[in-house]
Amino acid sequence: MCEQSLEIKHPLVTVLMPVYNSPDVMRSINSVLEQDYGAIEFILISDHSPCFPGADICSYLEVHARENIQSWRILENSQNLGTVKTLNRGITESHGEIIFNLAGDDLFADKRVLSDWVRAFQETDAIVMTGIRENYDSKFSLCTGMTPNKREINWLRHLKPHELFEQIAVDNFLSGCSTARKRDFFDKYGLYDEQYRLIEDFPAALRFLRQGGQIVFFERKVIQYRGGGISSIGKIGADYERDLHLIYENEIIPYTKYPQRARNWLRRWEQDIAFDRRYFALEQKYGRSRALRIPLRVWYYMHHPRQALRKLLKR
(Lines give C-alpha, C1' and ligand atoms only; values in the text may rest on other atoms or scores of the structure.)
Protein backbone atom coordinates (compact mmCIF):
# COMPACT_ATOMS: atom_id res chain seq x y z
CA MET A 1 0.00 0.00 0.00
CA CYS A 2 1.25 3.48 -0.89
CA GLU A 3 -0.37 6.66 0.40
CA GLN A 4 0.07 10.37 1.03
CA SER A 5 -2.23 12.81 2.85
CA LEU A 6 -2.56 16.59 3.10
CA GLU A 7 -4.68 18.75 5.38
CA ILE A 8 -8.31 18.84 4.27
CA LYS A 9 -9.68 22.35 3.86
CA HIS A 10 -12.86 21.71 1.88
CA PRO A 11 -15.72 19.16 1.85
CA LEU A 12 -14.26 15.95 0.51
CA VAL A 13 -15.39 13.75 -2.40
CA THR A 14 -13.92 10.37 -3.25
CA VAL A 15 -12.92 9.06 -6.67
CA LEU A 16 -12.58 5.27 -6.66
CA MET A 17 -10.61 3.76 -9.53
CA PRO A 18 -10.72 -0.05 -9.79
CA VAL A 19 -7.97 -1.34 -12.06
CA TYR A 20 -7.49 -4.72 -13.66
CA ASN A 21 -5.20 -4.96 -16.69
CA SER A 22 -6.28 -1.47 -17.69
CA PRO A 23 -4.46 -0.60 -20.94
CA ASP A 24 -4.21 3.16 -20.43
CA VAL A 25 -4.47 3.69 -16.69
CA MET A 26 -2.19 6.75 -16.68
CA ARG A 27 -4.60 8.60 -18.95
CA SER A 28 -7.43 7.79 -16.54
CA ILE A 29 -5.34 8.98 -13.60
CA ASN A 30 -4.60 12.24 -15.40
CA SER A 31 -8.33 12.85 -15.91
CA VAL A 32 -8.63 12.81 -12.09
CA LEU A 33 -5.59 15.02 -11.53
CA GLU A 34 -6.92 17.59 -14.02
CA GLN A 35 -10.17 18.12 -12.10
CA ASP A 36 -10.60 21.66 -10.75
CA TYR A 37 -12.72 20.63 -7.75
CA GLY A 38 -11.00 21.69 -4.54
CA ALA A 39 -11.07 18.58 -2.33
CA ILE A 40 -10.61 15.12 -3.82
CA GLU A 41 -9.71 11.86 -2.15
CA PHE A 42 -8.33 9.54 -4.83
CA ILE A 43 -8.23 5.78 -4.17
CA LEU A 44 -6.87 3.48 -6.86
CA ILE A 45 -7.26 -0.26 -6.25
CA SER A 46 -5.55 -2.91 -8.35
CA ASP A 47 -7.58 -6.12 -8.33
CA HIS A 48 -4.43 -8.26 -8.38
CA SER A 49 -3.46 -7.06 -11.87
CA PRO A 50 -0.43 -8.84 -13.30
CA CYS A 51 2.58 -6.50 -13.59
CA PHE A 52 0.71 -3.63 -11.91
CA PRO A 53 3.05 -0.57 -11.94
CA GLY A 54 2.17 0.54 -8.41
CA ALA A 55 5.57 2.06 -7.61
CA ASP A 56 5.60 4.04 -10.85
CA ILE A 57 2.10 5.37 -10.17
CA CYS A 58 3.12 6.36 -6.63
CA SER A 59 6.09 8.30 -8.01
CA TYR A 60 3.89 9.96 -10.62
CA LEU A 61 1.29 11.07 -8.07
CA GLU A 62 3.96 12.41 -5.72
CA VAL A 63 5.08 14.73 -8.51
CA HIS A 64 1.83 15.59 -10.28
CA ALA A 65 -0.91 15.59 -7.61
CA ARG A 66 -1.89 19.19 -6.87
CA GLU A 67 -3.23 20.51 -3.55
CA ASN A 68 -6.83 19.77 -4.51
CA ILE A 69 -5.96 16.06 -4.33
CA GLN A 70 -6.32 16.17 -0.55
CA SER A 71 -5.32 12.53 -0.16
CA TRP A 72 -4.47 9.61 -2.38
CA ARG A 73 -3.88 5.92 -1.87
CA ILE A 74 -2.85 3.02 -4.07
CA LEU A 75 -4.10 -0.33 -2.83
CA GLU A 76 -3.49 -3.80 -4.21
CA ASN A 77 -5.69 -6.84 -3.59
CA SER A 78 -3.68 -9.91 -2.63
CA GLN A 79 -5.91 -11.97 -4.95
CA ASN A 80 -8.40 -11.24 -7.69
CA LEU A 81 -11.70 -10.41 -5.95
CA GLY A 82 -13.81 -9.00 -8.78
CA THR A 83 -15.33 -5.56 -9.22
CA VAL A 84 -17.93 -5.75 -6.42
CA LYS A 85 -15.59 -6.61 -3.55
CA THR A 86 -12.92 -4.26 -4.90
CA LEU A 87 -15.32 -1.30 -4.89
CA ASN A 88 -16.62 -2.25 -1.44
CA ARG A 89 -13.06 -2.20 -0.13
CA GLY A 90 -12.60 1.28 -1.57
CA ILE A 91 -15.87 2.54 -0.10
CA THR A 92 -14.98 1.14 3.33
CA GLU A 93 -11.61 2.89 3.31
CA SER A 94 -12.91 6.18 1.86
CA HIS A 95 -14.02 9.37 3.64
CA GLY A 96 -15.70 11.47 0.95
CA GLU A 97 -19.26 12.77 1.23
CA ILE A 98 -19.94 11.78 -2.39
CA ILE A 99 -18.39 8.74 -4.07
CA PHE A 100 -17.58 8.67 -7.78
CA ASN A 101 -16.43 5.54 -9.63
CA LEU A 102 -13.99 5.92 -12.51
CA ALA A 103 -12.74 2.68 -14.04
CA GLY A 104 -9.10 2.52 -15.02
CA ASP A 105 -10.25 2.36 -18.66
CA ASP A 106 -12.41 5.50 -18.65
CA LEU A 107 -12.03 9.28 -18.43
CA PHE A 108 -13.91 12.19 -16.90
CA ALA A 109 -15.45 14.18 -19.74
CA ASP A 110 -13.58 17.40 -18.85
CA LYS A 111 -11.85 19.11 -15.94
CA ARG A 112 -15.05 20.61 -14.46
CA VAL A 113 -17.03 17.37 -14.13
CA LEU A 114 -16.62 16.96 -10.37
CA SER A 115 -17.21 20.66 -9.60
CA ASP A 116 -20.44 20.67 -11.60
CA TRP A 117 -21.57 17.29 -10.30
CA VAL A 118 -21.02 18.23 -6.65
CA ARG A 119 -22.91 21.48 -7.21
CA ALA A 120 -25.81 19.49 -8.69
CA PHE A 121 -25.88 17.27 -5.60
CA GLN A 122 -25.88 20.34 -3.36
CA GLU A 123 -28.76 21.91 -5.28
CA THR A 124 -30.97 18.81 -5.01
CA ASP A 125 -31.95 16.26 -2.41
CA ALA A 126 -30.40 13.48 -4.49
CA ILE A 127 -28.44 10.68 -2.90
CA VAL A 128 -28.06 8.98 -6.30
CA MET A 129 -27.42 10.96 -9.47
CA THR A 130 -26.71 9.70 -12.98
CA GLY A 131 -25.28 11.66 -15.89
CA ILE A 132 -24.49 11.13 -19.55
CA ARG A 133 -21.90 8.61 -20.73
CA GLU A 134 -20.13 9.30 -24.00
CA ASN A 135 -19.33 5.94 -25.60
CA TYR A 136 -16.13 5.26 -27.53
CA ASP A 137 -14.48 2.32 -29.22
CA SER A 138 -11.65 0.45 -27.49
CA LYS A 139 -9.04 2.81 -28.94
CA PHE A 140 -10.87 6.01 -27.94
CA SER A 141 -10.81 7.04 -31.60
CA LEU A 142 -14.53 6.95 -32.45
CA CYS A 143 -17.55 8.15 -30.47
CA THR A 144 -20.32 5.59 -30.92
CA GLY A 145 -23.15 7.37 -29.10
CA MET A 146 -24.51 8.55 -25.77
CA THR A 147 -26.10 6.73 -22.83
CA PRO A 148 -28.84 7.38 -21.84
CA ASN A 149 -30.56 8.39 -25.08
CA LYS A 150 -33.39 10.93 -25.37
CA ARG A 151 -36.14 8.41 -24.65
CA GLU A 152 -34.31 7.08 -21.59
CA ILE A 153 -33.64 10.60 -20.31
CA ASN A 154 -37.37 11.23 -20.52
CA TRP A 155 -37.97 8.11 -18.43
CA LEU A 156 -35.48 9.30 -15.81
CA ARG A 157 -37.18 12.66 -15.58
CA HIS A 158 -40.79 11.56 -15.46
CA LEU A 159 -41.21 7.94 -14.36
CA LYS A 160 -41.92 6.98 -10.77
CA PRO A 161 -39.40 4.63 -9.12
CA HIS A 162 -41.50 1.49 -9.62
CA GLU A 163 -42.06 2.43 -13.28
CA LEU A 164 -38.35 3.02 -13.84
CA PHE A 165 -37.68 -0.35 -12.22
CA GLU A 166 -39.83 -2.02 -14.87
CA GLN A 167 -37.96 -0.23 -17.67
CA ILE A 168 -34.44 -1.10 -16.58
CA ALA A 169 -35.51 -4.67 -15.82
CA VAL A 170 -35.43 -5.32 -19.57
CA ASP A 171 -33.48 -2.33 -20.89
CA ASN A 172 -30.83 -1.28 -18.37
CA PHE A 173 -29.39 2.06 -19.42
CA LEU A 174 -28.11 3.09 -15.98
CA SER A 175 -24.34 2.97 -16.05
CA GLY A 176 -22.24 2.51 -12.92
CA CYS A 177 -19.46 4.69 -14.30
CA SER A 178 -21.77 7.68 -14.84
CA THR A 179 -23.70 7.30 -11.57
CA ALA A 180 -22.53 8.82 -8.28
CA ARG A 181 -23.81 8.20 -4.77
CA LYS A 182 -23.64 10.05 -1.48
CA ARG A 183 -22.19 8.20 1.47
CA ASP A 184 -25.70 8.33 2.95
CA PHE A 185 -26.74 5.82 0.28
CA PHE A 186 -24.31 3.20 1.57
CA ASP A 187 -25.10 4.03 5.20
CA LYS A 188 -28.79 3.43 4.59
CA TYR A 189 -28.82 0.68 1.95
CA GLY A 190 -25.51 -1.07 2.57
CA LEU A 191 -22.54 -1.80 0.36
CA TYR A 192 -22.77 -3.46 -3.04
CA ASP A 193 -24.06 -7.05 -2.86
CA GLU A 194 -21.11 -9.43 -2.83
CA GLN A 195 -23.07 -12.42 -4.05
CA TYR A 196 -22.31 -10.84 -7.43
CA ARG A 197 -18.71 -10.74 -8.63
CA LEU A 198 -18.58 -8.23 -11.50
CA ILE A 199 -21.90 -6.34 -11.62
CA GLU A 200 -22.33 -3.91 -8.75
CA ASP A 201 -24.49 -1.11 -10.14
CA PHE A 202 -27.47 -2.95 -11.65
CA PRO A 203 -28.63 -4.83 -8.51
CA ALA A 204 -28.00 -1.72 -6.40
CA ALA A 205 -30.22 0.37 -8.69
CA LEU A 206 -32.96 -2.27 -8.76
CA ARG A 207 -33.10 -2.51 -4.98
CA PHE A 208 -33.04 1.25 -4.56
CA LEU A 209 -35.93 1.72 -6.99
CA ARG A 210 -37.94 -1.09 -5.39
CA GLN A 211 -37.75 0.80 -2.10
CA GLY A 212 -39.00 4.01 -3.68
CA GLY A 213 -35.61 5.67 -4.16
CA GLN A 214 -35.34 8.49 -6.68
CA ILE A 215 -32.48 8.51 -9.19
CA VAL A 216 -31.89 12.12 -10.23
CA PHE A 217 -30.76 12.85 -13.78
CA PHE A 218 -27.79 15.18 -14.24
CA GLU A 219 -28.00 16.68 -17.72
CA ARG A 220 -24.30 16.74 -18.48
CA LYS A 221 -21.65 14.58 -20.13
CA VAL A 222 -19.66 13.18 -17.24
CA ILE A 223 -17.75 10.13 -18.54
CA GLN A 224 -15.94 9.10 -21.69
CA TYR A 225 -16.41 5.34 -21.71
CA ARG A 226 -13.98 2.99 -23.41
CA GLY A 227 -15.67 0.03 -25.14
CA GLY A 228 -14.21 -3.45 -25.18
CA GLY A 229 -14.60 -4.19 -21.47
CA ILE A 230 -16.17 -7.15 -19.70
CA SER A 231 -19.74 -6.15 -20.64
CA SER A 232 -18.93 -5.46 -24.30
CA ILE A 233 -19.98 -7.57 -27.26
CA GLY A 234 -17.71 -10.57 -27.57
CA LYS A 235 -16.09 -10.06 -24.15
CA ILE A 236 -18.78 -11.37 -21.80
CA GLY A 237 -17.42 -14.27 -19.77
CA ALA A 238 -18.85 -16.87 -17.43
CA ASP A 239 -18.68 -14.66 -14.31
CA TYR A 240 -20.61 -11.84 -15.94
CA GLU A 241 -23.18 -14.25 -17.36
CA ARG A 242 -23.60 -15.89 -13.94
CA ASP A 243 -24.08 -12.49 -12.30
CA LEU A 244 -26.79 -11.46 -14.74
CA HIS A 245 -28.68 -14.72 -14.26
CA LEU A 246 -28.57 -14.25 -10.49
CA ILE A 247 -29.75 -10.65 -10.80
CA TYR A 248 -32.81 -11.72 -12.78
CA GLU A 249 -33.48 -14.59 -10.37
CA ASN A 250 -33.03 -12.49 -7.20
CA GLU A 251 -33.79 -8.88 -8.07
CA ILE A 252 -36.20 -8.81 -11.01
CA ILE A 253 -38.43 -11.85 -11.57
CA PRO A 254 -39.78 -12.01 -7.97
CA TYR A 255 -40.72 -8.30 -8.07
CA THR A 256 -41.65 -7.34 -11.63
CA LYS A 257 -45.25 -7.12 -12.80
CA TYR A 258 -44.15 -8.79 -16.02
CA PRO A 259 -42.04 -11.85 -15.10
CA GLN A 260 -42.53 -13.55 -18.47
CA ARG A 261 -41.25 -10.45 -20.27
CA ALA A 262 -38.13 -10.56 -18.08
CA ARG A 263 -37.61 -14.26 -18.80
CA ASN A 264 -38.02 -13.63 -22.53
CA TRP A 265 -35.45 -10.82 -22.45
CA LEU A 266 -32.97 -13.01 -20.59
CA ARG A 267 -33.49 -15.84 -23.08
CA ARG A 268 -32.86 -13.48 -26.03
CA TRP A 269 -29.76 -12.14 -24.30
CA GLU A 270 -28.45 -15.70 -23.87
CA GLN A 271 -29.06 -16.35 -27.57
CA ASP A 272 -27.17 -13.18 -28.49
CA ILE A 273 -24.22 -14.17 -26.27
CA ALA A 274 -24.11 -17.64 -27.84
CA PHE A 275 -24.16 -16.09 -31.31
CA ASP A 276 -21.42 -13.60 -30.44
CA ARG A 277 -19.17 -16.37 -29.17
CA ARG A 278 -19.62 -18.33 -32.40
CA TYR A 279 -19.08 -15.25 -34.51
CA PHE A 280 -15.91 -14.06 -32.77
CA ALA A 281 -14.44 -17.59 -32.84
CA LEU A 282 -15.02 -17.69 -36.61
CA GLU A 283 -13.69 -14.17 -37.06
CA GLN A 284 -10.52 -15.07 -35.18
CA LYS A 285 -10.10 -18.16 -37.36
CA TYR A 286 -11.11 -16.76 -40.76
CA GLY A 287 -11.17 -12.97 -40.36
CA ARG A 288 -7.90 -12.45 -42.21
CA SER A 289 -9.35 -13.96 -45.34
CA ARG A 290 -10.72 -11.17 -47.53
CA ALA A 291 -13.10 -13.63 -49.19
CA LEU A 292 -14.71 -14.54 -45.84
CA ARG A 293 -14.44 -11.25 -43.96
CA ILE A 294 -17.38 -9.53 -45.68
CA PRO A 295 -19.79 -12.50 -45.40
CA LEU A 296 -18.90 -12.79 -41.72
CA ARG A 297 -19.65 -9.12 -41.11
CA VAL A 298 -22.93 -9.33 -43.02
CA TRP A 299 -23.92 -12.32 -40.92
CA TYR A 300 -23.06 -10.39 -37.76
CA TYR A 301 -25.05 -7.28 -38.70
CA MET A 302 -28.05 -9.35 -39.78
CA HIS A 303 -28.15 -10.68 -36.22
CA HIS A 304 -27.44 -7.26 -34.67
CA PRO A 305 -29.33 -4.70 -36.79
CA ARG A 306 -28.93 -2.00 -34.10
CA GLN A 307 -25.15 -2.37 -34.33
CA ALA A 308 -25.41 -2.06 -38.10
CA LEU A 309 -27.40 1.16 -37.76
CA ARG A 310 -24.87 2.61 -35.31
CA LYS A 311 -22.06 1.69 -37.67
CA LEU A 312 -23.89 3.31 -40.58
CA LEU A 313 -24.60 6.51 -38.68
CA LYS A 314 -21.25 6.44 -36.81
CA ARG A 315 -22.98 7.48 -33.62
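1. Leucine 107 sits opposite glutamine 224 of β10. Strand β6 (residues 107–108) pairs with β10 in the antiparallel sense over two bridges, pairing being counted if DSSP finds at least two bridges between two strands. Helices (H or I, at least four residues) and strands (E, at least two) are DSSP runs, numbered from the N terminus. This is a predicted model, in which local features need pLDDT of at least 70 and side-chain atom pairs count only at pLDDT 80 or more, while totals for chains, interfaces and linings use all residues. Residues are numbered from 1 along each chain as its sequence is written, and side-chain values use heavy atoms, with hydrogens and water left out.

2. Staying with β10, its other listed partner is worth a look. Strand β7 (residues 128–136) pairs with β10 in the parallel sense over seven bridges, and arginine 133 has isoleucine 223 of β10 as its bridge partner. Strand β10 (residues 216–226) has eight of its eleven residues buried, so the rest of the structure largely encloses it. Buried here means under 20% relative accessible area, exposed over 50%, and partly exposed in between (1.4 Å probe, protein chains only).

3. Next, β5. How do strands β2 and β5 run, parallel or antiparallel? Strand β2 (residues 13–19) and β5 run parallel and are joined by four bridges, with threonine 14 opposite isoleucine 99 of β5. Two bridges link β5 to strand β9 (residues 179–182), and these two run antiparallel; here isoleucine 98 stands opposite lysine 182 of β9. In a regular strand the side chains alternate between the two faces of the sheet. Strand β5 (residues 98–101) is covered on both faces, with Ile98 and Phe100 buried on one side and Ile99 and Asn101 buried on the other.

4. For the overall picture, the protein has twelve helices and ten strands. Its radius of gyration is 20 Å, close to the 20 Å from the globule rule for 315 residues, so the protein is as compact as a globular protein of that length. That radius is taken over C-alpha atoms, and the rule is 2.2 Å times the number of residues to the power 0.38. The C-alpha trace spans about 60 × 45 × 35 Å along its principal axes. Buried residues make up 49% of the 315. Of the contacts (heavy atoms within 4.5 Å) with a separation of 6 or more, 77% are between residues 24 or more positions apart.

5. Now a helix pair. Helix α10 (residues 259–286) and helix α11 (residues 290–303) pack at about 170°, their axes 11 Å apart. That makes α10 roughly antiparallel to α11. On the α10 side the contact includes Phe275, Tyr279 and Leu282, and on the α11 side Leu296, Trp299 and Tyr300 are among the residues involved. By class, this contact has eight nonpolar, two polar and four charged residues. The classes are Ala, Val, Leu, Ile, Met, Phe, Trp, Tyr, Cys and Pro as nonpolar, Asp, Glu, Lys and Arg as charged, and the others, Gly among them, as polar.

6. A second pair has another geometry to check. The axes of helix α8 (residues 201–210) and helix α9 (residues 238–252) come within 10 Å and cross at roughly 10°. The two helices are therefore roughly parallel to each other. Axes are lines fitted to C-alpha atoms, for helices over the stretch in contact, with angles from 0 to 180 degrees between N-to-C directions. Angles under 35 degrees count as roughly parallel, over 145 as roughly antiparallel, 65 to 115 as roughly perpendicular and the rest as oblique.

7. Two buried helix residues deserve a visit. Leucine 61, in helix α2 (residues 54–64), counts as buried at 1% relative accessibility. Leaving aside neighbours within four places in sequence, leucine 61 contacts Ile29, Leu33, Phe42, Trp72 and Ile74. Asparagine 88 belongs to helix α3 (residues 83–93) and is buried at 2% relative accessibility. Not counting residues up to four places away, asparagine 88 touches Leu191, Tyr192 and Glu194.

8. Finally, the backbone. Most residues other than glycine have a negative phi, and most peptide bonds are trans. Cysteine 51, in the loop between β3 (40–46) and α2, has a positive phi of about 55° and is exposed at 78% relative accessible area. Phenylalanine 140, in the loop between β7 and β8, also has a positive phi of about 55°, but is buried at 11%. The peptide bond from threonine 147 to proline 148 is cis, with omega near 0°.
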